[in-house]
Amino acid sequence: MSTLKNIFSIKKSNPQEIEKSIEEDVKNIKLSFFESGYGSSKQAEGNHMIFKACLQDVYMDYKGKCREDEKLQKELKEPYVQERSKYEIELKKRKTVKGIIEEGIAALESKISIFKSEIADVKHNPEKYVEDVDKKPKAQFYLGLIVLIPITFYLLVFYISASYSAFFKTFNTEQLTNAIFDANALTKAINDGWLEGVFVGTIPFAFMGLGYLIHMFQKHKNWLSYAKIATLFIVTFIFDAILAYQIEKKIYDIEKTLNSPDFNVQIAFTKAEFWGIIFAGFVVYIIWGLVFDFIMKEYDNFDKIKSFIRSKREKIKNSEKEIIVQTEKLNPIKEEISGIEGKINDLQRTIDGFVFSNKHYLTYHAEYVKGWFLAIADNFDALKRRDQLLSQCASEEKKHLEDHDIAGESYEGRLYKLVN
């Protein structure tokens with residue numbers, strides 16, 4: 001056994017042999033193991049129990065030498081180090097992607113918080129978020145609506161009565177006092193025929209439609225829009241003038257004498273009732289149009305705020321959907337990171353420990369066994385005794401390799417093993 005220990009002591013005490021070629025170094029060590037096995041076998045007379053102890057001694061001595069050989073350990077651990085580096089690169093990639101996704105989710109959550117804050121604040125400070133909007137559009141809108149409603153009823157009554165009087169009503173001396181305003185104008189028109197009723201009942205809405213068009217044209221600040229607005233005012237004024245002319249003509253025809261000239265435009269312009277009818281309709285119509293335009297603008301302001309809130313809620317909804325999508329992407333990446341970190345930790349434990357080289361050990365183990373078996377063959381002439389010892393020692397060798405999980409190590413794919 002002292003010879004076996006000297007094999008390793010020679011290696012340690014002669015560092016200059018590290019500079020020798022690998023083939024020469026291995027050859028010398030194999031020879032030393034062979035000689036050690038031969039000598040030990042001869043001394044023990046091939047006893048299989050002593051052979052078992054010697055094999056254990058060879059294993060433990062090689063294990064100690066393998067642990068202390070930094071150069072060998074570096075060589076054996078190199079595949080683990082390279083594998084760890086690959087996993088670390090993959091881990092870095094996964095963490096980079098994870099960081100990007102988490103930053104994206106954080107940004108989306110921040111946006112949602114800002115959107116909610118803007119929704120709460122826009123009702124109190126609308127001008128901060130919406131251009132050309134009044135601070136209190138609701139109050140002004142309802143105030144304008146309160147003014148518009150009675151004016152609308154007035155125009156309905158005026159134009160129904162005036163159009164009936166101008167086109168369908170037959171005047172007599174007793175009806176001159178209500179020539180313009182007739183409380184039963186719509187009923188009388190319907191009684192005269194459904195066409196007359198439809199005509200009289202829809203004329204006010206034609207004027208209101210013109211007012212709506214004026215409002216729409218005002219949204220476009222250009223010369224063409226202004227020309228259209230001027231045309232609408234002229235058309236309205238002409239129609240009011242026609243109503244006033246027709247009514248005034250019927251009144252004039254009843255009141256005229258044999259010496260009175262025929263009614264014409266020049267005479268109409270001299271009549272106060274003519275201008276009274278025009279301004280009772282046209283001026284109020286202009287007021288209605290201005291009030292309508294005002295409340296529509298206030299409604300636009302109010303609607304701008306509602307649209308702003310609606311758009312922010314839609315953005316919140318889209319952001320929440322995107323967070324769900326990004327979270328679904330993030331979870332598998334976290335699982336991959338956890339798995340890679342586990343593999344890196346396993347490899348690091350291997351690197352921090354030491355690697356036992358099955359291949360190298362088997363090379364020296366085979367030489368020792370060869371020497372042991374050869375000594376039995378050379379020193380025992382009795383065939384039966386020799387075969388018995390060889391069989392017993394072969395069983396011990398097989399058991400030794402199985403106990404240390406080295407059995408069947410005959411291929412290059414499994415060269416390294418972590419020993420705890």
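Glu-102 is partly exposed, with a relative accessible area of 31%; here buried means under 20% relative accessible area, exposed over 50%, and partly exposed in between, using a 1.4 Å probe and protein chains only. Before going further, please keep in mind that this is a predicted model, in which local features need pLDDT of at least 70 and side-chain atom pairs count only at pLDDT 80 or more, while totals for chains, interfaces and linings use all residues. Residues are numbered from 1 along each chain as its sequence is written, and side-chain values use heavy atoms, with hydrogens and water left out.

**Salt bridges**

The partner of Glu-102 is Lys-98, and the closest N and O atoms of this salt bridge are 2.9 Å apart. A salt bridge here is a side-chain nitrogen of Lys or Arg within 4 Å of a carboxyl oxygen of Asp or Glu, and by this rule the count comes to 10 salt bridges. Lys-98 is itself partly exposed, at 22% relative accessible area. Both residues belong to helix α4, 4 residues apart, or about one turn of the helix. Helices (H or I, at least four residues) and strands (E, at least two) are DSSP runs, numbered from the N terminus.

Helix α4 covers residues 70-122 and also holds Arg-84 and Glu-88, again 4 residues apart and separated by about one helical turn. Their side chains meet in a salt bridge of 3.7 Å, N to O. Arg-84 is buried at 18% relative accessible area, whereas Glu-88 is partly exposed at 37%.

In helix α10, Asp-346 and Arg-349 sit 3 residues apart, about one turn of the helix. Here the salt bridge is 2.1 Å from N to O. Asp-346 is partly exposed, with a relative accessible area of 42%, and Arg-349 is exposed, with 53%.

| Salt bridge | N to O distance |
|---|---|
| Arg-84 and Glu-88 | 3.7 Å |
| Lys-98 and Glu-102 | 2.9 Å |
| Asp-346 and Arg-349 | 2.1 Å |

There is also a network of salt bridges, which links Glu-90, Lys-93, Arg-94 and Glu-336.

**Aromatic pairs**

Rings of Phe, Tyr and Trp (its six-membered ring) pair if their centres lie within 6.5 Å; planes under 30 degrees apart count as stacked, over 60 as edge-to-face and the rest as tilted. By this rule there are 8 aromatic pairs. One of them joins Phe-51 and Trp-372, a tilted pair with 4.9 Å centre to centre and 45° between the planes. Phe-51 lies in helix α3 (residues 48-68) and Trp-372 in helix α11 (residues 358-379), so the pair ties together parts that are 321 residues apart in sequence. Both Phe-51 and Trp-372 are buried.

Tyr-62 and Tyr-361 make another tilted pair, because their ring centres are 5.7 Å apart and their planes lie at 45°. This pair, too, links distant parts of the chain, with Tyr-62 in helix α3 and Tyr-361 in helix α11, 299 residues apart. Tyr-62 is buried at 1% relative accessible area, and Tyr-361 is buried at 1% as well.

**Cysteines**

What does a search of the whole structure find for disulfides? The search finds 0 disulfides, a disulfide being a pair of cysteine sulfur atoms within 2.5 Å. For Cys-54, the nearest cysteine sulfur is that of Cys-393, 9.8 Å away. Cys-54 is buried, at 4% relative accessible area, and Cys-393 is buried too, at 0%.

**Annotated spans**

An unreviewed UniProt entry lists residues 141-162, 194-214, 226-247 and 274-296 under "transmembrane region"; UniProt positions are given in the numbering used here, feature names are shortened, and annotations may be inferred rather than shown by experiment. In the model, residues 194-214 are 100% helix and 0% strand, with end C-alpha atoms 31 Å apart. Residues 274-296 are likewise 100% helix and 0% strand, and their end C-alpha atoms are 33 Å apart.

Ala-189 lies in helix α6 (residues 185-192) and is buried, with a relative accessible area of 0%. The C-alpha atoms of Ala-189 and Gly-201, 12 residues apart along the chain, are separated by 8.7 Å.
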